[in-house]
Amino acid sequence: MGVKIGVFPASGALGSSIVNHLEKLVPESDLVLIARRPEKLDDNKQAGATVRRADYDDPSTLDTAFNGVDVLMLVSYASFETDHRVKAHRLAINAAIKSGVKHIFYSSLGFGGDLTNQSIAHVMGAHIETEKYFSSLKDTVSYTSVREGLYAESYPIYTAFYDLQNPADEVTIPHSGKGPGVAWVKRDELGEGTAKLIVSYVNDPKSFEYVNKAVLLSGPREISLAETVEILGRAVGKVLKIREITVDEYVNLPGIAEKQTYKGVNLSREWATAWEAIRRGEAAVVSPVLREILGREPESFETTIKEMVG
């Protein structure tokens with residue numbers, strides 16, 4: 001019987017991508033897939049994976065979710081709020097330790113520059129706190145924090161929800177577009193790279209170089225927000241530019257509060273810290289690791305956007 005690899009949550013965009021790539025690399029019988037709605041994983045179950053139900057927001061479900069799992073891929077709680085995410089992560093980590101998990105991979109985020117433990121981006125707060133928690137536990141369970149670069153597909157949250165299917169004539173954000181940019185990366189390539197990291201550890205834990213460390217997976221080049229917007233414009237046949245506005249103006253844009261409210265709390269002002277983090281170069285680091293893992297150059301932002309337009 002092989003090493004059991006757990007993925008939680010195994011549904012969702014990143015989780016399902018990691019699972020799809022793991023299935024190409026290890027026998028399905030070695031996979032334990034855990035999700036809030038396990039019916040979404042029925043196909044995996046039929047193919048031989050163990051499927052279980054657990055939910056970050058229902059902590060009692062975590063008690064036995066990780067039983068028999070040797071290596072866990074813990075996909076971070078889907079939100080950009082801090083306190084609830086940190087608590088949810090800690091509960092899952094503690095349950096994994098109690099169940100005997102030996103190593104945890106954690107999906108962090110590509111803010112913080114070159115693997116620093118500081119960020120001005122509100123969205124990064126829960127990741128940094130979770131990484132610190134892992135560090136405090138390293139004598140109990142080993143970990144690898146995978147700083148997943150900013151998804152190319154997540155461009156809307158950095159461009160005031162610009163819609164390729166219903167394109168506006170300008171992008172109004174609290175950023176000029178100049179200066180350090182973002183090393184955008186295709187989400188499915190992050191899933192592939194993360195899956196290959198996990199398998200690399202499983203195959204030879206002693207020589208795995210990211211034990212009790214963070215590793216950054218980024219796209220192939222840094223792209224300023226001005227160029228990002230130009231690429232979006234070309235994809236929809238428009239000459240598109242940024243109109244810089246204040247944070248106050250941003251939080252009052254139509255629909256922004258609605259899109260960035262979490263459990264009744266409007267976090268659009270907190271979200272705006274992401275542009276300050278980009279301005280400071282936190283998302284601009286280009287790491288060679290993803291290229292090395294994939295064995296090819298990661299897909300360009302331009303290509304991913306063209307595919308999205310269809």
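**View 1. The largest cavity of the predicted model.** One cavity of 30 Å³ or more is present in the structure. The volume of the largest cavity is about 70 Å³. Its lining comprises 13 residues, and those closest to the centre of the cavity are G110, G149, L216, A283 and V285. Sorted by class, the residues lining the largest cavity are eight nonpolar, four polar and one charged.

**View 2. The largest pocket and the residues around its centre.** A total of 37 residues line the largest pocket, and S76, Y77, A78, S79 and R85 are the ones nearest its centre.

**View 3. Composition of the lining of the largest pocket.** Among the contributors to this lining are α1 (13–25) and β5 (103–109), each of which provides at least two residues. The lining of the largest pocket consists of 19 nonpolar, ten polar and eight charged residues.

**View 4. The second largest pocket.** The space within the second largest pocket amounts to about 240 Å³. Around it stand 15 lining residues, of which A160, F161, A168, T172 and L253 are the closest to the centre of the pocket. Two or more residues of this lining come from each of the elements β7 (171–173) and α8 (256–259). By class, the second largest pocket is lined by eight nonpolar, four polar and three charged residues.

How values were computed
Residues numbered from 1 in each chain as written. Predicted model: local features only at pLDDT ≥ 70, side-chain atom pairs only at ≥ 80, totals over all residues. Heavy atoms only, no water. 1 Å grid on protein atoms, 1.4 Å probe; cavity = no way out; pocket = protein on both sides within 12 Å on 5 of 7 lines; lining within 4 Å. Points joined across faces, edges and corners; volume = space filled by probe spheres on them. Nonpolar A, V, L, I, M, F, W, Y, C, P; charged D, E, K, R; others polar. Helix = DSSP H or I, 4+ residues; strand = E, 2+ residues; numbered from the N terminus.
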